[in-house]
Amino acid sequence: MDITHRLAALIVDSAPSAEAHEKARAGILDYVSVALPIVNGDIKDPALNSLLGVYTANDVQTRALLLGYAGHALDYDDFHQSFRGHPTAVILPALFALVRDVSPADNTRFLDAYVIGVEVAGRVGLAAGPQHYKAGFHSTATLGTLAAAAAVARYLEADVSQTAVILGIAATRASGLRAQFGSAVKPLHAGFAAEAAVVAARLVLAGFDGKGAGVLEAFLASNGGGQQQPDKLIEDWAAPWRIIAPGLEFKPYPTCAGTHSAADAAFNLRSRWLAESGKPLGEIAEDVHAIEVSFPPGGDIAASVRNPQTGIEARFSLEYVIAAVLLHNRLSLEDFDDAPVDDKIMALARKVTRKPDMTAPPDEIDPTQRFHQVTLSRKNGEQWVSRVTRSQSVAMGVDQRLKLQGCLSQHSEKTWDEIEELCRLTTPTALPELAKRLTSFNYT
């Protein structure tokens, strides 16, 4: 049996654990927290208005596309290190889009499908190898199409042969370039991936034929740059489940994950400046002569924007993120919308220079070892340094209740409580109610 069919058999036959389900519930809450304010219109998003003008049908694939966009629009959704992308933003939109067409609602079936999707996301990320991302592909768009297809196949109870063909059709539609980072096309990548997964499954279950055998091998060979490892798709499956370890990483800031340890280092330096400089807060920009940020070679591949023009572009700018932390002690949603960047933040950002640490192993070898070291040079000649590793940033964790409140700040505590309870999926009505709220787009 080829790799594609062996993977398909695992997708069909595996039984996720109770612990995996619990991790999935946390992932659902994180996704709903970041997607619902876009769906509701609490956070205005002109690009979604454009999408709603083009995608006017109320069918499964349209719902999947819009939900994928909504979940990734703020760039505040979860991340998975093995996947090197955002798995939930493609998996849950595909699944929620199907809820009203799968009766009766089955919470366990939904959770199983989500866990399977994350498992495939992590595995296909490892199988593709580091060259895939380095070459310019956006893993959320490309590899995410396969992860979402696996989840949909499981949710719709496709058999092994059907699942293999679903994966094959998804693979032939997988596309997305990092060159679109900083534009509305980046979150649309998640929508395209979720849509492609749903369409692939619906085609196969309607009797449409396609190749199954050898397709994933061909996909990896054509997109792996010689570093692909197809066996990673199946070896040590669910030992442990990828949603448990390395697990989903929930973002504390609405910026590219590749900026977060730099932000934490900047928070440390800001606290020290306030404690030791003896100067009022308003003078920090004038007191700083230069700022240097170092990282492993290639460690800024995602955070590549150096001179952002809008808040959306600034999500991918190490310079802007560091300056925003030093000046305002925050990285908030309002700082990273589609409005022009803040002139004061940009003035300080221009003092930031990047200096890859050539003594560190290249980031592509093991992104989990990434760090950011921020050096603040004061005009009095002092240099202050803070170094934070990616692992240290992740270990800080995220208070999901506070994140929910921040994203849905216009709503009441009653609404927050309702959403938290719905995301637990403990009642027969929870899943259809969540799906209803998520697909009730409210834009004019």
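Which element gives the largest share of the lining of the largest pocket? Helix α12 does, with four residues.

This is a predicted model, in which local features need pLDDT of at least 70 and side-chain atom pairs count only at pLDDT 80 or more, while totals for chains, interfaces and linings use all residues. Residues are numbered from 1 along each chain as its sequence is written, and side-chain values use heavy atoms, with hydrogens and water left out.

**Pockets and cavities**

Rolling a probe the size of a water molecule over the atoms shows where empty space is left. On a 1 Å grid over the protein atoms alone, a cavity is a set of points where a 1.4 Å probe fits but cannot get out, whereas a pocket is an open set with protein on both sides within 12 Å along at least five of seven lines; lining residues have an atom within 4 Å of a point. Grid points are joined across faces, edges and corners, and a volume is the space filled by probe spheres set on the points.

| Space | Volume | Lining by class |
|---|---|---|
| Largest pocket | about 520 Å³ | twelve nonpolar, eight polar and six charged residues |
| Second largest pocket | about 390 Å³ | nine nonpolar, nine polar and five charged residues |
| Largest cavity | about 240 Å³ | ten nonpolar, eight polar and six charged residues |
| Second largest cavity | about 40 Å³ | eight nonpolar, no polar and no charged residues |

In these classes, Ala, Val, Leu, Ile, Met, Phe, Trp, Tyr, Cys and Pro count as nonpolar, Asp, Glu, Lys and Arg as charged, and the others, Gly among them, as polar.

The largest pocket has a volume of about 520 Å³. Its lining comprises 26 residues, and F79, L248, E249, F250 and V394 are the closest to its centre. Two or more lining residues come from each of α2 (18-40), α12 (243-247), α13 (260-276) and α18 (390-395). Helices (H or I, at least four residues) and strands (E, at least two) are DSSP runs, numbered from the N terminus.

In the second largest pocket, 23 residues form the lining, with Q81, S82, G125, L126 and P367 nearest the centre. Here the elements that give two or more residues are α6, α7 (130-134) and α8 (139-155).

The structure holds two cavities of 30 Å³ or more. Around the largest cavity there are 24 lining residues, of which F79, Y133, A257, G258 and A302 lie nearest its centre.

**Helix α10**

Helix α10 (residues 185-205) has 21 residues and reaches 30 Å from its first C-alpha to its last, close to the 30 Å expected, the expected span being 1.5 Å times one less than the number of residues. Of the 21 residues of α10, 15 are buried, so the helix is largely enclosed by the rest of the structure. Buried means under 20% relative accessible area (1.4 Å probe, protein chains only). After α10 comes G207, whose phi is positive, near 100°.

**Strand β3 and its partners**

Seven of the eight residues of strand β3 (residues 371-378) are buried, so β3 is largely enclosed by the rest of the structure. Two strands pair if DSSP finds at least two bridges between them. Strand β1 (residues 288-294) pairs with β3 in the antiparallel sense over six bridges, and I291 stands opposite L376 in β3. Strand β4 (residues 383-389) is also antiparallel to β3, over seven bridges, with V374 opposite S386 in β4. The hairpin of β3 and β4 has four residues between the strands, and G381 in this hairpin takes a positive phi near 100°.

Methods
Buried < 20%, exposed > 50% of the residue type's maximum accessible area, 1.4 Å probe, protein only.
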